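Please read it alongside the sequence and the model.

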Amino acid sequence: MPGDNCAVNGCGTSRRSKGVGIFKLPAAKNQEYMRWHASWLNEITKSRVIDKEFREKIRNDRVFTCERHFRPEEVEICETDKMTKKKPVFGSVPTLCMPSKSVKARQHKAYRKA
């Protein structure tokens, strides 16, 4: 798993980044999780081109987002005897430090529709 990067366009966080939680896109296992999955993915894809490589990551359940894109109250900290683990609060979506859509991405999207 090392090297899995945050899917937010321009973010350089990966699993190798010390002290920063990185969360997998929630699995769409029931209706509530499907809505959460769709909302989360919608936020990520607002600012990036959905190319073949990214579609493959979505298909293979390899989409990650780091905690830097969540408000502090949207990240739970679970402590055990041996470690501290972070996870997003159910229903939260990445909204912080999200890039605006680039002109190039808008042009690419318009081209795909034509």
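## Contacts, rings and backbone

Not counting residues up to four places away in sequence, V75 touches F23, E67, F70, K86, K87 and V89, where contact means heavy atoms within 4.5 Å. V75 lies in strand β3, residues 75–79, and is buried, with a relative accessible area of 14%; here buried means under 20% relative accessible area, exposed over 50%, and partly exposed in between, with a 1.4 Å probe and protein chains only. The C-alpha atoms of V75 and V89 are separated by 5.6 Å, although the two residues are 14 residues apart along the chain.

This is a predicted model, in which local features need pLDDT of at least 70 and side-chain atom pairs count only at pLDDT 80 or more, while totals for chains, interfaces and linings use all residues. Residues are numbered from 1 along each chain as its sequence is written, and side-chain values use heavy atoms, with hydrogens and water left out.

The secondary structure comes to three helices and four strands, arranged along the sequence in the pattern β-α-α-β-β-β-α; helices (H or I, at least four residues) and strands (E, at least two) are DSSP runs, numbered from the N terminus. Of the 114 residues of the protein, 32% count as buried. Among contacts with a separation of 6 or more, 59% are accounted for by residues 24 or more positions apart.

T65, in strand β2 (residues 64–66), counts as buried at 0% relative accessibility. The T65 side chain makes a polar contact of 2.9 Å with the side chain of W40; such a contact is a pair of N or O atoms within 3.5 Å, of which, within protein, one must be able to donate a hydrogen and the other to accept it, and residues adjacent in sequence count only if both atoms are side-chain atoms. Leaving aside neighbours within four places in sequence, the residues in contact with T65 include C6, V8, F23, W40, F70 and P94.

A search of the whole structure finds six aromatic pairs. Rings of Phe, Tyr and Trp (its six-membered ring) pair if their centres lie within 6.5 Å, and planes under 30 degrees apart count as stacked, over 60 as edge-to-face and the rest as tilted. Two of these pairs are tabulated here.

| Pair | Centre to centre | Angle between planes | Geometry |
|---|---|---|---|
| Y33 and F90 | 4.9 Å | 65° | edge-to-face |
| W40 and F70 | 5.2 Å | 70° | edge-to-face |

W40 lies in helix α1 and F70 in the loop between β2 and β3, so their pair ties together parts that are 30 residues apart in sequence; both W40 and F70 are buried. By contrast, Y33 is partly exposed, with a relative accessible area of 22%, and F90 is partly exposed at 42%. Ring pairs link F23, Y33, W36, W40, F70 and F90 into a cluster.

The charged end of K29 sits over the ring of Y33, 4.4 Å from its centre, and R48 lies over the face of F54 at 3.9 Å from the ring centre; the criterion is NZ of Lys or CZ of Arg within 6 Å of the ring centre and within 35 degrees of the ring normal.

Most residues other than glycine have a negative phi. D61, in the loop between α2 (52–59) and β2, has a positive phi of about 55° although it is not a glycine.
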